[in-house]
Amino acid sequence: DHDAHMHASRERHLSSMATSGVHYERGVWTYGDYKHGVEAETPHACAAACAADDGCLHWNFHVVQHRCDLKGDSSGHNSDAPDWISGNSIRYKAPAPTRSDL
């Protein structure tokens with residue numbers, strides 16, 4: 001069953017990140033495409049590729065295909081994408097809340 005395999009892969013990769021000290025979350029950063037298909041077999045390697053690249057602010061790792069995409073300035077995060085794990089580079093600074101966000 002494809003869904004069971006995807007969910008098991010996601011949980012395995014998420015648990016492997018628990019003690020990494022790297023920001024990660026379920027879902028995918030949208031837009032802000034920077035580099036696609038970066039060689040990385042794990043979310044750790046994807047996060048490291050982002051950290052090593054001055055143009056990268058976010059990373060996305062596909063839990064089944066082991067695909068790593070790096071993002072520049074991205075406009076949003078989709079936490080409902082169950083087959084992706086994503087994270088922020090240490091150089092990412094979240095925008096300050098606007099008056100309408102308060």
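Me: Is Tyr31 buried or exposed, and what is its relative accessibility?

Reply: In this predicted model, Tyr31 counts as exposed because its relative accessibility is 60%, and the cut-off for that label is over 50%. Tyr31 sits in the loop between strand E2 (28–30) and E3, where its phi is near 60°, a positive value in a residue other than glycine.

Me: Which phi value does His66 have, and where is its place in the chain?

Reply: His66 has a phi near 55°, again a positive value in a residue other than glycine, and its place is in the loop between E4 and E5. His66 counts as partly exposed because its relative accessibility is 24%.

Me: How should I read the sheet, and what is the order of its strands?

Reply: The general idea is that strands of a sheet pair through backbone hydrogen bonds, either parallel or antiparallel. In this case the sheet is open and has 5 strands, in the order E1-E7-E4-E5-E3, with antiparallel pairing. Its edge strands are E1 (25–26) and E3 (33–38), each of which pairs on one side only.

Me: How many bridges join E1 to strand E7, and which residue stands opposite Arg26?

Reply: E1 and strand E7 (residues 84–88) run antiparallel and are joined by 2 bridges, with Arg26 standing opposite Ile85 in E7.

Me: Which residues of H2 are buried, and why are they on the same side of the helix?

Reply: The general idea is that an α-helix has 3.6 residues a turn, so residues three or four places apart point the same way. In H2 the buried residues are Pro43, Cys46, Ala47 and Cys50. They cover an arc of only 95° around the axis, which puts them on the same side of H2. The elements against which these buried residues of H2 pack are H1, E4 and E5.

Me: How many disulfides does the structure hold, and what pattern do they follow along the chain?

Reply: A disulfide is, in general, a covalent bond between the sulfur atoms of two cysteines. This structure holds 2 disulfides, and with bonded cysteines counted along the chain they follow the pattern 1-4, 2-3.

Me: Which parts does the link of Cys46 and Cys68 tie together?

Reply: The sulfur atoms of Cys46 and Cys68 are 2.1 Å apart and form a disulfide. Cys46 lies in helix H2 and Cys68 in strand E5, so the pair ties together parts that are 22 residues apart in sequence. With 80° about the S-S bond, this link of Cys46 and Cys68 is right-handed. Cys46 is buried, because its relative accessible area is 0%, and Cys68 likewise counts as buried at 0% relative accessibility.

Me: Which cysteine is joined to Cys50, and is that link left-handed or right-handed?

Reply: Cys50 is joined by a disulfide to Cys56, with an S to S distance of 2.1 Å, and the link of Cys50 and Cys56 is left-handed, with -100° about the S-S bond. Both Cys50 and Cys56 are buried.

Methods: Residues are numbered from 1 along each chain as its sequence is written. This is a predicted model: local features need pLDDT of at least 70, side-chain atom pairs count only at pLDDT 80 or more; totals for chains, interfaces and linings use all residues. Side-chain values use heavy atoms; hydrogens and water are left out. Two strands pair if DSSP finds at least two bridges between them. Helices (H or I, at least four residues) and strands (E, at least two) are DSSP runs, numbered from the N terminus. Buried means under 20% relative accessible area, exposed over 50%, partly exposed in between (1.4 Å probe, protein chains only). The arc is that of the directions from the helix axis to the C-beta atoms. Contact means heavy atoms within 4.5 Å. A disulfide is a pair of cysteine sulfur atoms within 2.5 Å.
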